[in-house]
Amino acid sequence: QVQLVESGGGLVQAGGSLRLSCAVSGITFSINAMGWYRQAPGKQRELVARIDTGGTTNYADSVKGRFTISRDNAKNTVFLQLNVLKPEDTAVYYCNLRAPYVDWAVDRGFWGQGTQVTVSS
């Protein structure tokens, strides 16, 4: 079956960095789009970054210039580099895999279990 396994979360001070990974198995990774979402306590889940099959990326305004999404098709893995972290970045981060034609405004595809990122001030 399809599995997405996130790793790399943790506790970091404001201004610090983390690198999240999401390893995918059970599906052809290279033909699917990938995204990272996050959900903070009491808030709705939000799309943070996405990357299509050709490597084109898109970011939420709140993370633009600080976060970088990338993919390694040879390793079936998508990454999210988080730099200049702020306390408001604290959330559970989830990776998502979906077919490339699916609108990012809808809840579709496969999800990982999430990884906690906590940024202290």
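**Entry 1: the elements.** I began by counting, and I found 0 helices and 11 strands in the protein. I keep in mind that this is a predicted model. Reading from the N terminus, I wrote the order down as β-β-β-β-β-β-β-β-β-β-β.

**Entry 2: overall form.** How compact is the protein? I looked up the radius of gyration, which is 13 Å, close to the 14 Å that the globule rule gives for 121 residues, so the protein is as compact as a globular protein of that length. I also noted the box that the C-alpha atoms fill, roughly 40 × 25 × 25 Å along the principal axes.

**Entry 3: inside.** I checked burial next, and 40% of the 121 residues count as buried. Then I turned to the largest nonpolar core, which has 28 residues. Which residues have the most contacts inside this core? I noted Met34, Trp36, Leu80 and Tyr93. I then asked which strands supply at least two residues each. My list reads E3 (18–25), E4 (33–39), E5 (46–51), E7 (67–72), E8 (77–82), E9 (91–98) and E11 (115–120). A handy reminder for me: nonpolar side chains tend to be buried together in soluble globular proteins.

**Entry 4: contacts along the chain.** I took the contacts between residues at least 6 apart in sequence, and 57% of them join residues at least 24 apart.

Entry 5: I looked up the accessible surface, which comes to about 6,300 Å². Carbon and sulfur atoms hold 48% of that surface. Last, I turned to the charges, 12 positive and 9 negative, and found their mean positions 1 Å apart.

Technical notes: Residues numbered from 1 in each chain as written. Predicted model: local features only at pLDDT ≥ 70, side-chain atom pairs only at ≥ 80, totals over all residues. Heavy atoms only, no water. Core = buried A, V, L, I, M, F, W, Y, C linked by side-chain atoms within 4.5 Å. Buried < 20%, exposed > 50% of the residue type's maximum accessible area, 1.4 Å probe, protein only. Helix = DSSP H or I, 4+ residues; strand = E, 2+ residues; numbered from the N terminus. Rg over C-alpha atoms; globule rule 2.2 N^0.38 Å. Contact = heavy atoms within 4.5 Å. Areas by Shrake-Rupley, 256 points an atom, 1.4 Å probe, with all protein chains shown as cover. Lys, Arg positive; Asp, Glu negative; His and termini not counted. Charge placed at Lys NZ, Arg CZ, Asp CG, Glu CD.
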